[in-house]
Amino acid sequence: MNARVLVIGATQGTGKQITNLLLRDGYQVRTLARNEAKAKGKLSSAVEIVPGDVTKLNTLPSAMKDVNHIIFTAGVTQRPASERLIMATEYQGVKNTLAAAKDAGFNGRFLYMTSMGVTKSSLAASLLNLVKRNTLKWRKLAEDEIRRSGLGYTIIRAGFLRNSQGGRRAIEVSQSEYPLAFRYRISRADVAEVFVQALKYPGTRRTTFEVVWAKGGHRQGWDVLFGQLTPDQ
């Protein structure tokens, strides 16, 4: 548990909750931040902060030194957002991170947070692509880059994110490729827990899966939830 995890996107949202859970479980945590002072004000003093920007490949090498795993949750939060910004952050940012990791000899796990709807059309997906120009298209292309990279990876597609307490509802882990729709929702806290637990289970390596709140039932153990996964073809 003393492995060092680089979290990209740690200063807000699900990435920040992942960071806190990693610290809870004894991991060393490093994060990349465009504004180091601002990041220090948001994160625990136990987090190592390295200046850098995923859209600028030459700023990434120092963040990759002695890293065991990488968790990428960064995304464009402003709305509306131009396609140029979406592409630079959510696609080229992933490509840059993969390239820097490979150059550093990285051989751990690359965990990527993305969204449901990258493979299924729906009204909600169309609206999201309108407000954040083609974000699902670029996230799907980012997934493809990860699978082709040759690195060990886990791609997690989250349902509609809620800012509610985690641990209160059963979780469904599925490889069925759901559309983006309000009925498929989950709390950020639960998604963060899925990431941290997936890191501990070798069976999640080279898999893509979706996480939502289950419809009733009891909360199952992680060995059961992850035990049903099959590697990507």
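How many salt bridges does the structure hold? This predicted model holds 18 of them.

**View 1. The largest nonpolar core.** Here you are looking into a core of 36 residues, where L22, V173, V194, F195, F209, V211 and F226 touch the most other members. Helix α7 (residues 188-200) is the biggest contributor, giving seven residues. Leaving aside residues up to four places away in sequence, V173 touches F209, E210, V211, L225, F226, Q228 and L229. A second, separate core has 29 residues, including L6, V50, A63 and I146. In soluble globular proteins, nonpolar side chains tend to be buried together.

**View 2. A salt bridge between two strands, R4 with E48.** The side chains of R4 and E48 meet at 4.0 Å, N to O. R4 belongs to strand β1 (residues 4-8) and E48 to strand β3 (residues 48-51), 44 residues apart. E48 is partly exposed, with a relative accessible area of 34%.

**View 3. A buried salt bridge, E90 with R139.** These two side chains meet at 3.3 Å, N to O. Because E90 lies in helix α4 (residues 83-103) and R139 in helix α6 (residues 135-148), the pair ties together parts that are 49 residues apart in sequence. Both E90 and R139 are buried.

View 4. The closest N and O atoms of D232 and R147 are 3.5 Å apart. D232 sits in the segment after α8 (222-227) and R147 in helix α6, 85 residues apart. Both are partly exposed, D232 with a relative accessible area of 24% and R147 with 22%. Salt bridges link D232 and R147 into a network with K140, E143, D144, R157, E177 and E210.

Notes. Residues numbered from 1 in each chain as written. Predicted model: local features only at pLDDT ≥ 70, side-chain atom pairs only at ≥ 80, totals over all residues. Heavy atoms only, no water. Core = buried A, V, L, I, M, F, W, Y, C linked by side-chain atoms within 4.5 Å. Buried < 20%, exposed > 50% of the residue type's maximum accessible area, 1.4 Å probe, protein only. Helix = DSSP H or I, 4+ residues; strand = E, 2+ residues; numbered from the N terminus. Contact = heavy atoms within 4.5 Å.
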